[in-house]
Amino acid sequence: MRAPHVKVNMRVKLGFGIGDLGGNLFFTFIGFYLLYFLTDVLGLSAALAGTTLMIGKVWDAVTDPVTGYASDRTISPWGRRRPYIFVGAIISLLAMYLLFSISPGQNQMDLFILTTLYFCLLNTAYTLVNIPYTALLPELTRDYDEKTLLTAYRMCFAVIGTFVGAAAVMPLVNLFPNEQTGWTIMASILGGIMMGTAFITVWAIREPQHKKEEVKGHGFFKTYLEALSFKVFLLVLIPWTLFIAGTSMIQGAMVYYFKYIFKDEASFQLALVALLSVSLLFIPIWARISRRISKKNCYNIGMLILTVAVLLFSFSGGFWPVSSAILIMGFAGIGLSTHYIMPHSILPDVVEYDAIENNGLRREGVFSGLWTFTSKLGQALALALNGWILSLFHYKPDVVQTPEAIKGIQLICGPLPALFYITGIFILMRFPINRDFYNKMIHSEEPAS
C-alpha cells in the first residue's frame, strides 16, 4: 500500500505542515497566557486557576486515547483521520470565544466552574484535531529521512503558530479600550486561525485506503496495555512527557518573571521573539545534523542546551540587565528547536517498528493518543505546579512581590524545569532506533534486534 521510500510532493508537505500552525498556536497561547488571564484578568485565585488548568488538561489527556482508538478503526470516504480534524476545528473556534468572553468580577466558585467547563470543551476540540493529525505522518511515507523532512515543514509552521500564540496576543488585546473585549476578540481571531489551518490540511491531504483487517486490532484496554508495555515506545514517551512538563513550566512562568523581577513586562515580547526566531532558524539545521547523527542524539543535545539556558535565565534577574535575559532566550531557542522537530520525527519510527512486529496491524492513532495523553499530563502537572507554587510562596497579582514570592517565580523558571530535562535526557539515551536499525527493519519487514 505504501512504498518504503515514498517522496512526498510539495502540496502534501505544505498542507500537512500548516496543520500544526493552529495546533501550536493553541498550545503556546494556553501555556503562556491562560494562567495569567485567569489570575490577573478574571481575578481567579492562583490556587483555583492552577486547579482549573490541571482539570482541563487531565480531561484533555483522558479523551486522547479514546480519539486515537476510534480514528484507527474509522473507515470513511475521507479516510480515518480527516473527519475528526474537520469537526474539532469548528468546535475550537466556538470554545475559544466562550472561554475568553467570561466576565470578571463573579464570585470565585462561579468563575472556577465556568472556566473549567469551557477549558475542558476547548481541550476536547484540540484532541479531535491533534490526535488524528499526529497520526497522519506515518501514513504519508515510511522513509527515515523523509519523515524528518515532513516534520521540519510541520515545525516551521509550528514555530509560526508559536509566534502568533505568543507575540500577537497582547498587541491584539491592547487594540481595544475595554480589556475584556480585547481578550474576547483576540481569542476569536486565534480560534479562526486554528479552524482555517485545520481546514487546509483536510483539503490538502489524501489518506491511503485501509482494509478492515488492517484496522480492527484488539479491544480498547488490551490495545493500550500492549502499547504501554512496548519498551521501545516508553523509552521515548517518558522523556517526551518530562520535556513537555519542563517547557510548559518555563512558558507559564516567563511573563511573571519579566513583570515582577525585571519590572519590564514589555521585554517579555522581545524575549519570545528571540526564543522563537532562533528556534525557527535552527529547525532546518537540526534536520541536516540528524542525517549525520541519530535523532535521539540531536534531541538530547538540544535539551541539554535548554537546561543550561533556563538555569542561567532563572538567576539573571537582579544581577544582569534585561537584555542579557533576551540573549539567553535566544540561546535557549537553539535547544528548543530540537523539541519541535525530533520527537515528532521519532514517533513514526516507533509506529513502523510496532507494525512490523504485529504483522502489519496499523496503530498510529493509539500511539498518537498515548503520545498526546502523556504530554498533556505533563503540561497539566506543570501548569498546576506553577499555580500551586505561586500560591505557596504567597504570590499576589498586580502588587510588588515579596522576596518569598520572587523565589517562587525563580523556582518555576529554572531549577524545576531543569530537573525534568535532565531526567528525560538520561532515559532517552537508551532509545535504540537509529538510521541503520530502521533501514534494516524496513527492508527485512521483520523486527530488528
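How are helices H2 and H4 oriented to each other? H2 and H4 are roughly parallel (an angle under 35 degrees). The model is predicted: local features need pLDDT of at least 70, side-chain atom pairs count only at pLDDT 80 or more, and totals for chains, interfaces and linings use all residues. Residues are numbered from 1 along each chain as its sequence is written, and side-chain values use heavy atoms, with hydrogens and water left out.

**Helix packing**
- The axes of H2 (residues 46–72) and H4 (residues 108–140) cross at roughly 30° and come within 8 Å of each other; axes are lines fitted to C-alpha atoms over the stretch in contact, and angles run from 0 to 180 degrees between N-to-C directions.
- Helices are DSSP runs (H or I, at least four residues) numbered from the N terminus.
- The contact of H2 with H4 comprises 11 nonpolar, 12 polar and 3 charged residues.

**Nonpolar cores**
- In the largest nonpolar core, which has 127 residues, Phe 29, Trp 183, Met 254 and Phe 313 touch the most other members; a core joins buried residues (under 20% relative accessible area, 1.4 Å probe, protein chains only) through side-chain atoms within 4.5 Å.
- Helix H10 (residues 231–260) supplies the largest share of this core, 19 residues.
- A second, separate core of 14 residues includes Val 8, Val 12, Ile 85 and Val 129.

**Ile 91**
- Ile 91 lies in helix H3 (residues 82–99) and counts as partly exposed at 26% relative accessibility, the class between 20% and 50%.
- Beyond its neighbours within four places in sequence, Ile 91 is in contact (heavy atoms within 4.5 Å) with Leu 121, Ala 125 and Leu 128.
- The C-alpha atoms of Ile 91 and Thr 124 are separated by 8.5 Å, with the two residues 33 apart along the chain.

Key: Helix = DSSP H or I, 4+ residues; strand = E, 2+ residues; numbered from the N terminus. Parallel < 35°, antiparallel > 145°, perpendicular 65-115°, else oblique. Nonpolar A, V, L, I, M, F, W, Y, C, P; charged D, E, K, R; others polar.
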